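Work through the exercises below with the structure open. Try each task before reading its solution.

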Amino acid sequence: MFTSLGRYILLLRLSFRRPEKFSVYWAEIMREMVSVGLGSLGIISIISLFIGAATTIQVAFQLNSPLVPMSTAGSIARDSTILEFSPTISALVLAGRIGSSIASQIGTMRVTEQIDALEIMGVNAPGYLISPKIIAGMTMVPLLVIVSITLGLTGGYIACLVSGDVTPADYLMGVRDGFDGLTVRVALVKAVVFGFIIASICAYQGFYTSGGALEVGQASTRGVVYSCVMILFADLVITRLML
Amino acid sequence: MIEIQDIHKTFGENEVLKGISAKFQQGKNNLIIGSSGSGKTTLLKCIVGLHEPTKGDVIFAGENFTHMNFEQRVPIRTHIGMLFQNSALFDSMTVEENIMFPLNLFTEMSKSEKQDRANFCLKRVNLDGTNKLYPAELSGGMKKRVGIARAISMQPKYLFVDEPNSGLDPLTSILIDDLISELTEEYQITTVIVTHDMNSVMGIGEHVLFLYNGEKWWEGSNKEIAHTDNKELNDFVFASKFMRAAKAKL
C-alpha cells in the first residue's frame, strides 16, 4: 500500500513538471475539457433531473404532517441536492464515465508501447498524458456540478407540478428561504477534489498497466472502484471540515 | 557512434543481460539477433533509456547517457528515432499529426514547414497522400512505414528498430529492410535493429551481434555468418531446411 502511495505521489510530481511546449499542452487541456465537460453533460443532466424530482417527492412524503409547512420540503430538497446529491452522485457517475475512459486510454497506450514512444522522443509522458486530464477534471467537474444543482432543483419543481404533493409555490418558497451560500461553496470544494481524485487515480492505474487487453480492463475497473471509495471518504472529510 | 560497455540488467533474481559490450558504427545497419528470451529487446531498451541498466554504460557520441537525468537526456533523445514492433502510432492522431508530433514539441517550425516536412517523410516511405488517415485505417506494412516516417521526421542521428518484420509478408519485409538500409546510408544514421528474421540478417546485416542467454556470443558481419563454426549461432541461423540448403550452396 505504501509503495503504491509513493508511486502515486511521484507520478503526480512528474505530471506537473514544466511542459516542453506550453501551446501543445494547452491544446491537449482544451481537448480533455471538451471530452470531460461536454461528453458528460447528457448523463449528468438526466440523473440530476430524476434525483431532484425523486428527492422532492420523498421529502414531501416524510413531512406529511399538518404541523410542518410544506415549503420545508423545498428547503430540505435544496440542501440535500446542493450538499450531497449533485456533487457526490455526479462524481460517482463521472468516475464510471470518465474515470474508466482515462484508465483504459492510458493503459492501452502503455501496452501498445505508445507511452514508450513518447518517452523515446524526450516527452515527459506523465506530464503530457496526465496533467491535462487532471486540470480538465478539476475545472469541468465543478461546472458539471453547478449544472447538476440547477437541474436537480428544476427536477424538484417539475415533480411538484406533476405530482401535486407540494404546490410549486410552496416548493419555490422553500428553495429560497434560509438559503446559505456556504452550501454551494462546500459543493464546489467537493467537486474540485472529486475531479482531482477521479482523474489522478484512474490515470495512475492506467499508467502502470502491464500485459494486454485483460490487464487494461482490470486497471480500468480498479481505477473506478478506488476512485469511488476515495470520493466517499473525501466527501466525509470535507463535510466534517466545512460544515 | 554508440558504445555500450559491460551492460548488465537484472529483474528480481533473473539476470537477463550479463555484461554486454559493443560498438555500433555510424552509417551501418547494426543487427542484434538471438532466440526469444536471449535479452535482445531488453538490451535495446537499456540503450534507449526505457530500462536503466543494473550496471554498465551507454555512450552516445562520447556522452554517457546512463548517468544523465531526464532533462539532460532530452537533447540526445531529440536525435533518436525509434520504430516499435507494433509501430506504436498514436491512435487518436492522423498519420500527418503523428509525424508532426515531435516537430510540434521540439522545433519552432511554422505549420506549413511542419506539413512540408511530414509530406517529405511520407513521400520518402512511399506513402504520400495518406496524411489524413488514422492508424486504424492502415495495413501492418503501412503502419511500419508511418512509424519510420515519424522516426526520421526530426532527422535523427540514431535509429532504433524493434522487430521491423514481425507480422509482415516476405515482400513487405524486404521493402521495410531496404527502406531502413537506404535511410541509414543516405542520412549516415547509426541504426540498431533487433530482429530474428534471417532474411534481414543475410540481407542487411553489416554488423551482427548474436546474443545467447544474455551474453554476447558472437559478433561479425552477415558474410562471416556462413563460415562461422560457432555452434549456437549455426543452430540459430540455419535452423530451417531452407537456410541449411542455402548455406550448402555457399
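**Exercise 1. Find the residue that stands opposite B:Asp162 in E8(B).**

Solution. Step 1: B:Asp162 stands opposite B:Val194 in E8(B). Strand E7 covers residues 158-162 of chain B and strand E8 covers residues 190-194; their pairing is parallel, over five bridges. Two strands count as paired if DSSP finds at least two bridges between them. In general, strands of a sheet pair through backbone hydrogen bonds, either parallel or antiparallel.

A note on the model: it is predicted, so local features need pLDDT of at least 70 and side-chain atom pairs count only at pLDDT 80 or more, while totals for chains, interfaces and linings use all residues. Residues are numbered from 1 along each chain as its sequence is written, chains are lettered from A and ligands numbered from 1 in the order in which they are written, and side-chain values use heavy atoms, with hydrogens and water left out.

**Exercise 2. Give the strand order of the six-strand open sheet in chain B and name its edge strands.**

Solution. Step 1: the order is E6-E7-E8-E3-E9-E10, with mixed pairing. Step 2: E6 and strand E10 (215-220) of chain B are the edges, each pairing on one side only. Step 3: neighbouring strands of this sheet are turned by 15° against each other on average, direction ignored. Helix H5 (residues 140-152) of chain B lies across E6 and E7, at about 175° to E6(B). Such angles run from 0 to 180 degrees between N-to-C directions, with axes fitted to C-alpha atoms, for helices over the stretch in contact.

**Exercise 3. Why is one side of E2(B) and of E5(B) left without a neighbour in the sheet?**

Solution. Step 1: the open sheet has four strands in the order E2-E1-E4-E5 (chain B), paired antiparallel. Step 2: strand E2 (14-24) and strand E5 (63-64) of chain B are at the edges with a single partner strand each, so one side of each has no neighbour in the sheet. Step 3: E5(B) pairs with strand E4 (residues 55-60) of chain B over two bridges, in the antiparallel sense. Here B:Phe60 is opposite B:Glu63.

**Exercise 4. Describe the interface of chain B and chain A.**

Solution. Step 1: 27 residues of chain B and 19 residues of chain A take part in the contact, that is, heavy atoms within 4.5 Å. Step 2: the buried area is about 2000 Å², with 64% from carbon and sulfur atoms; this is the accessible area (1.4 Å probe) that two parts lose on being put together, summed over both. B:Phe70, B:Phe90 and B:Leu105 supply 27% of the area that chain B buries against chain A, more than any other three residues. Step 3: the interface has one salt bridge, defined as a side-chain nitrogen of Lys or Arg within 4 Å of a carboxyl oxygen of Asp or Glu. A:Arg17 and B:Glu71 form this bridge, with the closest N and O atoms 3.7 Å apart.

**Exercise 5. What separates A:Arg31 and A:Glu28 in helix H2 of chain A?**

Solution. Step 1: their side chains meet in a salt bridge (2.9 Å, N to O). Step 2: the two are three residues apart in helix H2 (residues 22-62) of chain A, and therefore about one helical turn apart.
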